[in-house]
Amino acid sequence: MTVRTDTDSPALDRLRTLIRQNGPISVADYMAFCLGDRTHGYYPTRDPLGASGDFITAPEVSQMFGELVGTWLRALWASWNVSGPLRLVELGPGRGTLMQDVVRVLARDGDRFAELSVHLVETSPVLRQNQKDALADAIARGLSVRWHDSLDDVPDGPVQFIGNEFFDALPVRQFVFGASGWAERVIGLDGDSLAFGLRPAGLDHTAAPPGLPPPVPGDILEISPAREALAQDVGRRIAASGGAGLFFDYGSAPWGYGDTLQAVQRHAYVDVLAEPGEADLTTHVDFSALARAFARGGTTCPPVLTQADFLLAMGLLERAGQLGHGADAATQDMIRDAVERLAGPAQMGHVFKAICVTDREPGPYPFDGKTVRKSDGQPSG
Ligand code: SAH
């Protein structure tokens with residue numbers, strides 16, 4: 001497929017130069033450039049979130065999302081009888097809205113709050129500023145907040161991780177199965193335009209990839225070395241010093257073959273190659289591979305829950321009732337709409353999953369295997 005652009009952007013010029021110098025680039029290198037390049041990349045150059053941006057995330061839909069994550073953390077710390085300083089790390093904090101809502105809940109425990117330090121792993125200078133603004137009140141009240149370019153810079157020690165729509169932004173490689181085995185999908189040039197192509201891949205031709213059936217011609221395999229390396233480090237830290245992680249993303253477990261790479265601009269799908277650096281590029285997250293990567297670090301993952309199951313188990317409907325109590329009709333409508341967006345099966349409720357990483361068994365509520373799936377009335381696990 002070839003994409004012609006009417007106006008050539010500096011990002012496209014740079015990609016052309018790179019490809020002419022070094023040859024076609026992998027889908028992973030294309031994603032890393034489009035999303036993360038300091039000069040041309042999508043995240044470092046803008047705030048893409050919200051109604052006027054390109055896409056909206058659960059914390060931006062309603063304060064209830066972050067409040068219920070805060071409630072989960074509070075319960076975890078109470079039930080695990082955690083003592084000493086509390087270190088909370090968020091990966092890819094966006095506008096800082098999730099952390100703002102979490103911190104508001106944690107501030108109810110005055111003494112514990114004084115021991116809390118927050119570490120935000122964020123590469124975008126624009127979003128860092130938004131996070132600073134969102135947390136200004138908490139910082140003024142004495143909360144320690146530090147920013148890091150990567151998880152490598154976060155000090156070791158007992159830690160809790162949270163993240164929403166972070167793993168989906170990390171680069172994936174794609175492979176296509178054909179008559180002579182696997183070939184890697186790459187992006188090269190057709191004239192002056194970007195175009196997909198294939199190059200031989202060094203993948204084992206006979207073995208099925210972990211967790212998948214033997215491939216048939218036409219199958220597409222996505223793997224994310226970057227995502228897995230990061231997840232393994234999260235697992236290693238939790239296994240070494242204690243703690244837990246809670247991550248939300250769209251994706252599934254078990255996983256299958258297929259091309260899930262997508263580009264979104266102004267709340268609509270656009271061509272992946274059309275405007276490099278100007279659209280959000282994501283893939284669905286393979287939660288089985290993510291769980292295996294956490295496990296390689298030494299931790300376990302209880303069965304993944306849907307976002308709906310997690311939020312309903314944490315009291316979404318009760319919180320919505322409290323917020324709506326005595327409110328005018330327009331506010332009540334807004335709250336009802338937010339509940340539907342966050343937990344409705346046709347909206348974020350089922351396609352988004354919640355995964356918990358922990359060094360203890362059973363996992364913490366509602367990942368303890370006893371939770372009733374409120375969204376369909378079946379026990380989970
Ligand atoms: N969690 C937020 C934002 C999701 S968008 C929300 O739910 O609203 C993805 C976030 O991850 C952005 O903050 C983006 O700047 C950040 N990000 C993307 N790639 C990253 C990387 N490699 N390292 C650190 N942060 C990254």
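Predicted model: local features only at pLDDT ≥ 70, side-chain atom pairs only at ≥ 80, totals over all residues.
**View 1. Polar atoms facing the ligand oxygens.** An N or O atom in the side chain of Thr57 is 2.6 Å from an oxygen atom of the ligand, and a polar side-chain atom of Asn164 lies 2.8 Å from a ligand oxygen atom. Gly94 takes part through its backbone, with an N or O atom 2.9 Å from an oxygen atom of the ligand. Taken alone, the ligand exposes 570 Å², and the protein buries 90% of that area.

**View 2. The largest pocket, where the ligand sits.** This pocket has a volume of about 730 Å³, and among its 38 lining residues Gly92, Glu122, Thr123, Phe166 and Ala169 are the closest to its centre. Helix 2 (27-36), helix 3 (58-61), strand 2 (86-91), helix 5 (97-106) and helix 9 (225-241) each give two or more residues to the lining, with the largest share, 4 residues, coming from helix 2. The lining divides into 20 nonpolar, 9 polar and 9 charged residues.

**View 3. The second largest pocket, with about 520 Å³ of space.** Of the 19 residues that line the second largest pocket, Ile56, Tyr250, Gln262, Tyr269 and Phe352 are the closest to its centre. At least two lining residues are supplied by each of strand 11 (262-265), strand 12 (268-270), strand 13 (280-282) and helix 14 (348-351), and the lining as a whole has 10 nonpolar, 5 polar and 4 charged residues.

Terms used. Residues numbered from 1 in each chain as written. Heavy atoms only, no water. Polar contact = N/O pair within 3.5 Å; in protein donor to acceptor, adjacent residues only side chain to side chain. Areas by Shrake-Rupley, 256 points an atom, 1.4 Å probe, with all protein chains shown as cover. 1 Å grid on protein atoms, 1.4 Å probe; cavity = no way out; pocket = protein on both sides within 12 Å on 5 of 7 lines; lining within 4 Å. Sits in = over half its atoms within 2 Å of the grid points. Points joined across faces, edges and corners; volume = space filled by probe spheres on them. Nonpolar A, V, L, I, M, F, W, Y, C, P; charged D, E, K, R; others polar.
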